[in-house]
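Colleague: I am new to this structure and would like to learn how to read it. Could you take me through some of its features?

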Amino acid sequence: MTGVQTCALPIYTTLGFILEIVEKDIGESQKKMHESFELAQELVFSSQWLTRFSRGYVATKDPTRLAYYSAVEGILDGKIETPAAYDLGYWDLVAGGFIPFTLNTSKAGKSIEDRFLKLNITTEEYSKLKDARIQIAKSCVMEKIAMHAVNGEYDDGTGTFTRKGKPDRGMAERLIYGEEYNKINGDISLLVKEFNDLVKKRFSTEISKKEAYANSLLFINLSTAVALSGMILAALLFLTFRLAKRATYLLNSVEKISAGDLSVRTHISGEDELSQLSNSIDIMRSEEHTSELQSLRHLVCRLLLEK
């Protein structure tokens, strides 16, 4: 049985090693899926904060709103390093004075596109993101026109706002509250949702395959354990049956010798207790050793009962 266990040990070790690798891969896939969802959420809430700050500036001309707007745009483009704990509530905490507005503008970060590519997204998924970024760029153009309009600054035809005129808050509000602007924001959310659906489908399929493989390894491991237990049980039953058969044969031989048949030989070979008894019985087959044979008979009976 020690040999069986020794043979099974490498199997258990190999299966355990492979299972550990598969479980690690599943964890990595789940992590990447979660990171993809977080980045997609960042894209959406960045667009929402651009809307909120541009509308706030049009309504109040508060320069702080313009500074926040520029920071959101800079983070998206990778011109400003993404702050720690940058989530949906970040700018609420900044605006409420709970955390300082101290972005590291001297150190460039990574654009949101580069951060997505680091997650090895597919071409189809990246296409959805690019389309969403195009829509955000369109909304940014409208927002900047609106914010400059309240200051009487207009596009001179080159994309810069050097042409001076009368401030026009009405035009600014029509731009950032109008149907076209709202449609663009809706398109952004829809494209990000489609991106999330693609990511979820891809990773769900990938994780399901890995989990199925892990389950098959567990099944093999369990089957090996059951098979090993069965082999051990079978070996024990075989040894018990063999011992009982040999002990019964020896007992019958002793009874025949005790009855006077001195021609009987036990013919039990080996090196165990029964073999030693068998050799002793063959030596003491003469009539003068009858009492010793009776003692050996009782000993064999006791061994048989014990086994």
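Colleague: Where is the place of R133?

Modeller: This is a predicted model, and in it R133 sits in helix α5.

Colleague: Is R133 buried or exposed?

Modeller: A residue is called buried when its relative accessible area is under 20%. R133 has 15%, so it counts as buried.

Colleague: Which residues is R133 in contact with, leaving aside neighbours within four places in sequence?

Modeller: They are L43, L76, D77, I112 and E113. Two of these names, L76 and D77, come back when we look at α2 against α5.

Colleague: How should I read a pair of packed helices?

Modeller: Two packed helices are described by the angle between their axes and by the distance between those axes. For α2 and α5, the axes come within 13 Å and cross at roughly 160 degrees. Angles over 145 degrees count as roughly antiparallel, so α2 is roughly antiparallel to α5. The crossing is left-handed.

Colleague: Which residues make the contact of α2 with α5?

Modeller: From α2 they are L66, Y69, E73, L76 and D77, and from α5 they are R133, C140, E143, K144 and M147. By class, this contact has 5 nonpolar residues, 5 charged residues and no polar ones.

Colleague: At what angle do the axes of α5 and α6 cross?

Modeller: Helix α5 covers residues 123-149 and helix α6 covers residues 169-177; their axes cross at roughly 160 degrees and come within 8 Å. The angle therefore makes α5 roughly antiparallel to α6. This crossing, too, is left-handed.

Colleague: Which residues form the contact of α5 with α6, and how do they divide by class?

Modeller: On α5 they are M142, E143, I145, A146 and A149, while α6 supplies M171, A172, L175 and I176. They divide into 8 nonpolar, 1 charged and no polar. E143 of α5 is listed here and also in the contact with α2.

Colleague: Let us turn to another helix. Is S36 buried or exposed?

Modeller: S36 belongs to helix α1, residues 2-60. Its relative accessibility is 0%, so S36 counts as buried. Leaving aside neighbours within four places in sequence, S36 is in contact with F116, L119, I121, F195, V199 and F203.

Colleague: What should I look for in backbone angles?

Modeller: Most residues other than glycine have a negative phi. A85 has a phi near 55 degrees, a positive value in a residue other than glycine. A85 is in the loop between α2 (63-77) and α3 (90-95). With a relative accessible area of 63%, A85 is exposed, because exposed means over 50%.

Colleague: What is the phi of N120, and where does N120 lie?

Modeller: N120 also has a positive phi, near 55 degrees, and is not a glycine. N120 lies in the loop between α4 (112-117) and α5.

Colleague: How many helices and strands does the protein have, and in what pattern?

Modeller: There are 9 helices and 2 strands. Along the sequence the pattern reads α-α-α-α-α-β-β-α-α-α-α.

Colleague: What can be said of the protein as a whole?

Modeller: Of its 307 residues, 34% are buried. The protein exposes about 18000 Å², and carbon and sulfur atoms supply 58% of that area. Among contacts between residues at least 6 apart in sequence, 67% join residues at least 24 apart.

Conventions
Residues are numbered from 1 along each chain as its sequence is written. This is a predicted model: local features need pLDDT of at least 70, side-chain atom pairs count only at pLDDT 80 or more; totals for chains, interfaces and linings use all residues. Side-chain values use heavy atoms; hydrogens and water are left out. Axes are lines fitted to C-alpha atoms, for helices over the stretch in contact, and angles run from 0 to 180 degrees between N-to-C directions. Helices (H or I, at least four residues) and strands (E, at least two) are DSSP runs, numbered from the N terminus. Angles under 35 degrees count as roughly parallel, over 145 as roughly antiparallel, 65 to 115 as roughly perpendicular and the rest as oblique. A crossing is left-handed if the near helix is turned anticlockwise from the far one by less than a right angle, and right-handed if clockwise. Contact means heavy atoms within 4.5 Å. Ala, Val, Leu, Ile, Met, Phe, Trp, Tyr, Cys and Pro count as nonpolar, Asp, Glu, Lys and Arg as charged, and the others, Gly among them, as polar. Buried means under 20% relative accessible area, exposed over 50%, partly exposed in between (1.4 Å probe, protein chains only). Accessible areas come from the Shrake-Rupley method with a 1.4 Å probe; for residues, only the protein chains shown count as cover.
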